[in-house]
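Subject: Structure handover

Hello,

Please find the structure below. My notes on it follow.

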Amino acid sequence: MNDYESRIERAKQAITEAKYILIGGGAGLSDAAGLKYSGKRFADNFAPFIKKYGFTDLYTSSFYPFKTHEERWAYWAKHIAVNRYEEPPAALYQDLLQLVRGKEYFALTTNVEHQFVKAGFPEEKVFAVQGDYGLFQCAMGCHNTLYVNESQIKLMVSDTNDCRIPSALVPKCPVCGGEMDTNLRHNEYFVQDKNWYQAERLYRDFIRASDGKRIVYLELGVGFNTPGIIRLPFEQMTYQNEKAALIRVNRDYPRGANENERRTIAFTEDMAATVAAINRSDRTQAIQLVSINKISGGKTMNKLNALNDWTKKTISFLAPKSAQGYLCPAMAAAGSCGSSCGAGGDKPKDEPKPGSCGAGDDKPKDEPKPSACGSSCGASEQK
Ligand SMILES: [Zn+2]
């Protein structure tokens with residue numbers, strides 16, 4: 001049995017023995033599932049925009065300073081249509097649903113394409129922390145209602161001419177009359193509505209129920225754009241629970257906290273093949289993939305220190321109280337997360353860029369406050 005097969009067997013065993021599975025899905029998951037932001041998929045869908053603006057991929061084009069609302073919405077309508085409405089359920093997400101069948105499970109994700117739900121995960125088992133391409137909000141967050149945008153988006157796409165939509169289709173806030181925006185956490189006006197808070201509550205309930213129990217944290221393609229949402233809490237919770245295992249699939253940054261090494265099973269191999277191999281019941285089938293096993297090594301400290309303030313503030317944002325006692329030694333020394341947290345520095349290209357947390361003014365008084373980091377990560381308390 002080679003190294004890869006042996007890790008697959010360990011992962012299978014951990015999942016077999018677990019009562020709970022918490023999936024953490026990052027940008028690398030959607031990329032592995034086929035939602036590519038560059039290459040043929042981009043070229044096929046955005047030819048007029050590539051010709052007009054010289055766009056090279058869907059990530060950088062998201063930052064283009066369009067001169068008019070009509071041009072901006074023509075681009076964004078196409079972006080949302082392609083990634084949210086036209087993309088069918090991805091096989092990799094469906095495989096994940098197969099993998100968690102029979103377990104108590106929950107999916108936490110920074111992805112905004114709604115793929116977990118498309119694949120069949122019940123809405124009440126998914127928390128999309130960073131928003132949803134399928135929802136509009138007031139661009140200034142003047143009220144905390146979100147609006148399903150499917151019919152508007154499809155109309156904008158069908159009526160786009162020379163990379164512009166008709167002025168009459170530019171969406172306006174029904175309350176203040178100002179601009180609308182897609183519900184993505186890219187600035188301080190991100191709206192968290194009652195459904196967002198309900199999903200957060202269900203996530204916390206899951207964390208509470210699984211505390212100290214046999215659980216697998218299945219972390220998929222989670223980089224360091226917003227490590228405080230999935231990656232660092234998963235490390236903390238693994239550290240706190242002797243019965244926990246952390247399965248990490250990450251092409252570039254598989255390495256985690258030294259303290260969790262014994263209970264971490266890391267893969268740098270192809271994610272879809274790895275998930276399929278873990279799912280496969282025939283344990284004797286040979287696995288042909290080659291382990292790359294790149295280790296991020298000493299780059300970690302500098303890269304995490306370069307993260308913006310918002311990201312630092314949200315470290316441990318979603319960590320359970322029980323996990324806050326975990327003191328990362330390098331962090332304690334440096335005042336920020338260091339190499340023993342496994343903090344590397346990749347910046348997934350298709351994650352929403354960090355902005356302000358938006359967890360401020362509109363937040364109902366009775367909602368649980370995002371947890372302060374406590375001693376663990378040197379992160380300041382969020383509003
Ligand atoms: Zn408004």
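Which residue in β2 stands opposite Gly 24? Leu 108 stands there. The strands concerned are β1 (residues 20-25) and β2 (residues 104-109), which pair in the parallel sense over six bridges. Here two strands pair if DSSP finds at least two bridges between them. Helices (H or I, at least four residues) and strands (E, at least two) are DSSP runs, numbered from the N terminus.

Two notes on the source. Residues are numbered from 1 along each chain as its sequence is written. This is a predicted model, in which local features need pLDDT of at least 70 and side-chain atom pairs count only at pLDDT 80 or more, while totals for chains, interfaces and linings use all residues.

Confidence

pLDDT is the predictor's confidence in each residue, from 0 to 100. The chain average is 80, and 73% of the residues score at least 70. Over residues 282-383 pLDDT stays under 50, and the model has 217 contacts beyond four places in sequence for that stretch. A contact means that the C-beta atoms of two residues, placed from the backbone, lie within 7 Å. Where pLDDT is low, the predicted coordinates should not be read in detail.

Parallel sheet

β1 and β2 belong to an open sheet of six strands, ordered β3-β2-β1-β7-β8-β9, with parallel pairing. Its edge strands, β3 (126-128) and β9 (264-267), each pair on one side only. From one strand to the next the twist averages 15°. Helix α1 (residues 3-17) lies across β1, β7 (215-220), β8 (244-249) and β9, and runs at about 130° to β9. Axes are lines fitted to C-alpha atoms, for helices over the stretch in contact, and angles run from 0 to 180 degrees between N-to-C directions.

Antiparallel sheet

A three-stranded open sheet has the order β5-β4-β6 and antiparallel pairing. β5 (147-148) and β6 (180-184) are its edge strands, each pairing on one side only. Strand β4 (residues 131-138) is joined to β6 by five bridges, and Gly 131 has Leu 184 in β6 as its bridge partner. Helix α6 packs on this sheet, touching β4 and β6, and its direction makes about 145° with that of β4.

Helix pairs

α6 (residues 69-85) also packs against α9 (residues 150-158), at an angle of about 120° and with the axes 9 Å apart. That makes α6 oblique to α9, since angles under 35 degrees count as roughly parallel, over 145 as roughly antiparallel, 65 to 115 as roughly perpendicular and the rest as oblique. Among the residues in this contact are Trp 73 and Tyr 85 in α6 and Ile 153 and Met 156 in α9. By class, the contact of α6 with α9 has nine nonpolar, no polar and three charged residues. Ala, Val, Leu, Ile, Met, Phe, Trp, Tyr, Cys and Pro count as nonpolar, Asp, Glu, Lys and Arg as charged, and the others, Gly among them, as polar.

The axes of α7 (residues 91-100) and α12 (residues 271-279) come within 10 Å and cross at roughly 25°. That makes α7 roughly parallel to α12. The contact of α7 with α12 has eight nonpolar, two polar and one charged residues.

Regards
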